[in-house]
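Subject: Structure handover

Hello,

Here is the structure for your files.

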Amino acid sequence: MSDISRTAFEKRVKRRIVGKPHSFYAVVAPGLEELCVDELKALSAEIDIRSPETRSPEAKSIDIKSVENGGIEFDASLADIYAANLHLRTATRILMRVDEFDAQSFSKFEKEFFNIPWELYLASGCRPEVSVKCSKCRIYHSDALADRITSWLADILGPVDETKKKQHIFVRGNNDNFVISLNTSGEPLYKRGLKEGSGMAPIRETLAAGVLSMAGYIEGMTLVDPMCGTGTFSIEAAMMSKRIPAGYFRDFAFTDWPSFMERRWEHMRSRAGEGIIPADKKIIYASDLDSRSLDLFKRNIEKSDLYDIVLPVQMDFFEISGKNFSGEKGLIVLNPPYGKRLGNIYQGKQFFINVCRKLKLDFKGWKLAIIAPGDFFSVRLPFKEMRLHDVFHGGLKLKVLIANI
Ligand SMILES: C[S@@+](CC[C@H](N)C(=O)[O-])C[C@H]1O[C@@H](n2cnc3c(N)ncnc32)[C@H](O)[C@@H]1O
């Protein structure tokens, strides 16, 4: 590309992509939508207060348009989406809406698709991954449409360069109306980039963050995580308490886009880094019976500098008492094993009842968050101010109980 055409291209990217607000969609696990709305509102307020100087005059802060089961639609500028990817704890991914059109046939779809200035969105040689879902559309063959889009993108953007990041294009068709979106996040946001290996039935980080928020966990609060597995709750609480942004240890798809504002991103990331606070004492007590999960957990917190706030110990939950913890009574969070691993569902429920009895006996005055299958909560529980929330985990409908012990 000559210098003149590069400048013209950069101007088009600035005008069409960087310099105006776009419509975005935060994909959120069902049950966490309202928490994510709260996060978006808090982030928007923070952006407006803290960085008016870095915002282009046309850019708006995050403007929520609608909330539905599994997602939130909002308008924002691309720079705000860098912040959303970096900071949101409960969103799974953030999609950028590229276009919307009606198409009743492949040829109409093709015409509309080629009208999109793809070169402004995606870099040449990028690795597209196309996911298509059609419902009540005359173009009903989703796989055939995905194959065509992949080959059209290769025509537009040139042969794939394996060193580039994958770029996920989502196409959703409903009644012959198609919405084309790009995944700004890359890997799902529950992959925080600091865990290696996986334990037994780990909970997703986004759900763990959601459960902590539901229970009112705030920076500096004591947390007891006595069936920690690989420590998802503990790591989320440690990151909250040390003000480490959820996406601080990972990378995002937007950094490979032609619109990528590297200096602005570096500035945002380094300012977030300056906000991280060291802990003056350990306030997160993580324990489990399983030494393999604990070893993984210890390696992960060592790597990500969380040892100053987390104390991991191999211990049976039934041996612990709230009196063992110095300082304020805080939150005890549990994701006990259930179902198959304990043999059958009755044993799982009986184990759950024993856990609740033990909590009542030894953790008086503590806040409780416990996540388990819905029918476990049909028994009479000995706690106060109980609230139940529906959530989904690994395709299962579960409930989270928030209570005072
Ligand atoms: C569903 S897993 C928890 C997964 C964890 N939330 C994570 O994200 O990795 C249940 C955990 O409870 C632990 N566990 C079961 N019985 C226990 C007991 N009596 N004391 C301590 N841990 C126990 C298991 O070893 C397992 O790691």
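The notes below go from the whole chain down to single residues.

This is a predicted model, in which local features need pLDDT of at least 70 and side-chain atom pairs count only at pLDDT 80 or more, while totals for chains, interfaces and linings use all residues. Residue numbers run from 1 along each chain as its sequence is written.

Overall fold

The protein chain has eleven helices and 14 strands; these are DSSP runs numbered from the N terminus, with helices being H or I of at least four residues and strands E of at least two. Its radius of gyration is 23 Å, close to the 22 Å from the globule rule for 405 residues, so the chain is as compact as a globular protein of that length. That radius is taken over C-alpha atoms, and the rule is 2.2 Å times the number of residues to the power 0.38. Along the principal axes, the C-alpha trace spans about 70 × 45 × 35 Å.

Of the 405 residues, 40% are buried. Buried means 20 or more other C-beta atoms within 10 Å of the residue's own, exposed means 12 or fewer, and partly exposed is in between, with C-beta atoms placed from the backbone. Among contacts with a separation of 6 or more, 77% join residues 24 or more positions apart. A contact here is a pair of residues whose C-beta atoms, placed from the backbone, lie within 7 Å.

Domains and core

The domain assignment gives domain 1 (3-183) and domain 2 (205-242 + 277-404); such bounds come from an automatic or database assignment. Their C-alpha centres lie 36 Å apart. Nine residues from domain 1 and nine residues from domain 2 make the contact. On the domain 1 side, these are five nonpolar, three polar and one charged. For these classes, Ala, Val, Leu, Ile, Met, Phe, Trp, Tyr, Cys and Pro count as nonpolar, Asp, Glu, Lys and Arg as charged, and the others, Gly among them, as polar.

The largest nonpolar core holds 108 residues, and V211, L212 and V333 have the most contacts inside it. A core of this kind is a set of buried Ala, Val, Leu, Ile, Met, Phe, Trp, Tyr and Cys residues joined through C-beta atoms within 7 Å. At least three residues come from each of domain 1 and domain 2. Beyond residues up to four places away in sequence, L212 touches Y217, F233, E236, A237, M240 and V333.

Ligand surroundings

Which residues come nearest to the ligand? They are M227, G229, T232, D290 and F317, out of 20 around it; a residue is near if its C-beta atom, placed from the backbone, lies within 6 Å. The shell divides into eleven nonpolar, six polar and three charged residues.

Single residues

K133 lies in strand β5 (residues 127-135) and is partly exposed, with 13 C-beta neighbours inside 10 Å. Leaving aside neighbours within four places in sequence, K133 is in contact with S142, R172 and G173.

Most residues other than glycine have a negative phi. D176 has a positive phi, near 70°, and sits in the loop between β6 (166-174) and β7 (177-183). D176 is partly exposed, with 17 other C-beta atoms within 10 Å. E385 also has a positive phi, near 45°, but lies in strand β13 (residues 384-393). With 9 C-beta neighbours inside 10 Å, E385 is exposed.

Regards

Key
Two residues are in contact if their C-beta atoms, placed from the backbone, lie within 7 Å.
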